[in-house]
Amino acid sequence: MMQRFIIEMGMGNDLHGQDYTKAAGRAIEDALRHSSIPLFGALGLGHDAMRVQVTVGVQDPEAVDCDTLAATLPRGRAEVQAVKGGLNVTNPDTGEVTVIAQAAVEAFLPKQV
């Protein structure tokens, strides 16, 4: 049984390319920049004991390459899923679409009894 011990949120965008994977990757990077987990050294745990669950919200979840994003995560056993969320913002002058993604990065460890 796993217990969540951290959750971080991030936001990322692709201003010109309408690349949902790029925007989602930037949101994940933003979330990771907010966290530091010293507990592994303190408890003598290896990072492989950690399960990392990432949920990214974008307007077109099917356009996100979740396997590529999971491979970029530096620690733990990572899973990434894309869901409907985020924003597409259209420039009224040019029609260009900015893709905005939100990410939640959760880390889980085996429950300590």
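Reader: Which residues have the most contacts inside the largest nonpolar core?

Author: This is a predicted model in which local features need pLDDT of at least 70 and side-chain atom pairs count only at pLDDT 80 or more, while totals for chains, interfaces and linings use all residues. Residues are numbered from 1 along each chain as its sequence is written, and side-chain values use heavy atoms, with hydrogens and water left out. A nonpolar core is a set of buried Ala, Val, Leu, Ile, Met, Phe, Trp, Tyr and Cys residues joined through side-chain atoms within 4.5 Å, where buried means under 20% relative accessible area, exposed over 50% and partly exposed in between (1.4 Å probe, protein chains only). The largest such core has 24 residues, and those with the most contacts inside it are I28, V54, V56, V64 and V80.

Reader: Which helices and strands each supply at least two residues of this core?

Author: Helices (H or I, at least four residues) and strands (E, at least two) are DSSP runs, numbered from the N terminus. At least two core residues come from each of helix 1 (20-33), strand 2 (51-58), helix 3 (66-72) and strand 5 (97-110).

Reader: Against which strands and helix do the buried residues of helix 1 pack?

Author: The buried residues of helix 1 are Y20, T21, A23, A24, G25, A27, I28 and A31. With contact meaning heavy atoms within 4.5 Å, I28 touches V54, V56, L69, L73, A103 and V105, not counting residues up to four places away in sequence. The buried residues of helix 1 pack against strand 1 (2-14), strand 2, helix 3, strand 4 and strand 5.

Reader: What is the bridge partner of V89 in strand 5?

Author: Two strands pair if DSSP finds at least two bridges between them. Strand 4 (residues 87-90) and strand 5 are antiparallel, with four bridges. In strand 5, the partner of V89 is T98.

Reader: Which residue forms a salt bridge with E106?

Author: A salt bridge is a side-chain nitrogen of Lys or Arg within 4 Å of a carboxyl oxygen of Asp or Glu, and the count comes to two. One of them has its closest N and O atoms 2.8 Å apart and joins E106 to R4. This pair links distant parts of the chain, 102 residues apart, with E106 in strand 5 and, in strand 1, R4.
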